[in-house]
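Thanks for asking me to look through this one with you.

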Amino acid sequence: MFQRLQMYQFLFEELVKRDFKKKYKRTVLGVAWSILSPLLTLLVMRLVFTQFFGRTTPHYTTYLFCGNLVFSYFNESTSQGMTSLMGNARIFTKVNVPKYLFLFSKNVQTLINFGLTLCVFFVFCVMDNITFTWKLVCLLYPICFLVLFNIGVGLILSALFVFFRDIQYLWSVFTMLLMYMSAIFYTIDNYSPMVRNLFLLNPVYLFIRYFRKIVIEASIPTVWFHLLMLADVIIVLGLGCWMYKKYNTKFLYYV
């Protein structure tokens, strides 16, 4: 795969540039929206949810931003990845190129946006009197795995979207449900141990929880927590790669 990426490096770079420019085309503020959008979203969520959920939660702004940061990246990456094949059908139906290049370019573009938002996140942490420790380096683990997880989900969704257009509507409903089940604006401390363990079945919550453990609590999750996250990534990424390999030649007949 890496050798093929090198072969099509120029095409890949052009796809990334095109996707990034296309997102901010005909906007007055351009790339600044990558910073303003999460800021405005956080402000609205803080105004709404602080009165109901965050009164007794230490560093609630950072707590809220952790959840919104991770989920927004997941949602943007997977939603754009889902249409990556269909959106580039005119290219791969005429030229024989690796079809996963289109998904990868979308993920690079969303990763850049995530990086810009992450910088804003650290500024908010300072304003919220968060003490940074050496454990902050451990955030590389969930970030790298989140990138791979998003690629895996994107591979699955983009393959399904070629055959079933209904996926885009089902996915929007599912992500809304997932948002409410990821404890973004509320805590799960008051739930029973059994219910709290059920939250661990949600991979997105695992990434959010990891961020909060490192940034707010300055503690590293347990080994089994790391293994659970690794298992989720391997399963999703493996399934996505298998679907692309199996249906690679069939994509041409359905676009």
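1. The cover over the buried residues of helix 11 includes helix 4, helix 7, helix 8, helix 9, helix 10 (193–199) and helix 12. Here contact means heavy atoms within 4.5 Å, and buried means under 20% relative accessible area, exposed over 50% and partly exposed in between (1.4 Å probe, protein chains only). Helices (H or I, at least four residues) and strands (E, at least two) are DSSP runs numbered from the N terminus.

2. Before going further, a word on the source: this is a predicted model, in which local features need pLDDT of at least 70 and side-chain atom pairs count only at pLDDT 80 or more, while totals for chains, interfaces and linings use all residues. Residues are numbered from 1 along each chain as its sequence is written, and side-chain values use heavy atoms, with hydrogens and water left out.

3. Back to helix 11. Twelve of its 13 residues are buried, so helix 11 is largely enclosed by the rest of the structure. Among the buried ones are Pro203, Tyr205, Phe207, Phe211, Arg212 and Lys213. Helix 11 reaches 19 Å from its first C-alpha to its last, close to the 18 Å expected at 1.5 Å a residue (the expected span is 1.5 Å times one less than the number of residues).

4. Leu206 sits in helix 11 and counts as buried, because its relative accessibility is 0%. Leaving aside neighbours within four places in sequence, Leu206 is in contact with Leu200, Phe225, Leu228, Met229 and Asp232. Its C-alpha lies 8.7 Å from that of Ser182, although Leu206 and Ser182 are 24 residues apart in sequence.

5. Which residues touch the most other members of the largest nonpolar core? They are Phe74, Phe121, Phe207 and Phe211, in a core of 69 residues. Helix 4 (60–82), helix 6 (89–92), helix 7, helix 8, helix 9, helix 11 and helix 12 each supply at least two residues of this core, and helix 8 gives the largest share, 13 residues. A nonpolar core is a set of buried Ala, Val, Leu, Ile, Met, Phe, Trp, Tyr and Cys residues joined through side-chain atoms within 4.5 Å. Not counting residues up to four places away in sequence, Phe121 touches Thr62, Phe65, Cys66, Leu69 and Val215.

6. Now for the whole chain. The protein chain has twelve helices and zero strands. Of its 255 residues, 47% count as buried. Among contacts between residues at least 6 apart in sequence, 77% join residues at least 24 apart.

7. Most residues other than glycine have a negative phi. Asn129, in the loop between helix 7 (100–127) and helix 8 (140–163), has a positive phi near 60°. Asn129 is exposed, with a relative accessible area of 64%. Ala218, in the loop between helix 11 (203–215) and helix 12 (223–247), has a positive phi of about 55°. Ala218 is partly exposed, at 25% relative accessible area.

8. Last, the position of Leu177. Leu177 belongs to helix 9 (residues 167–180). Leu177 is partly exposed, with a relative accessible area of 48%.
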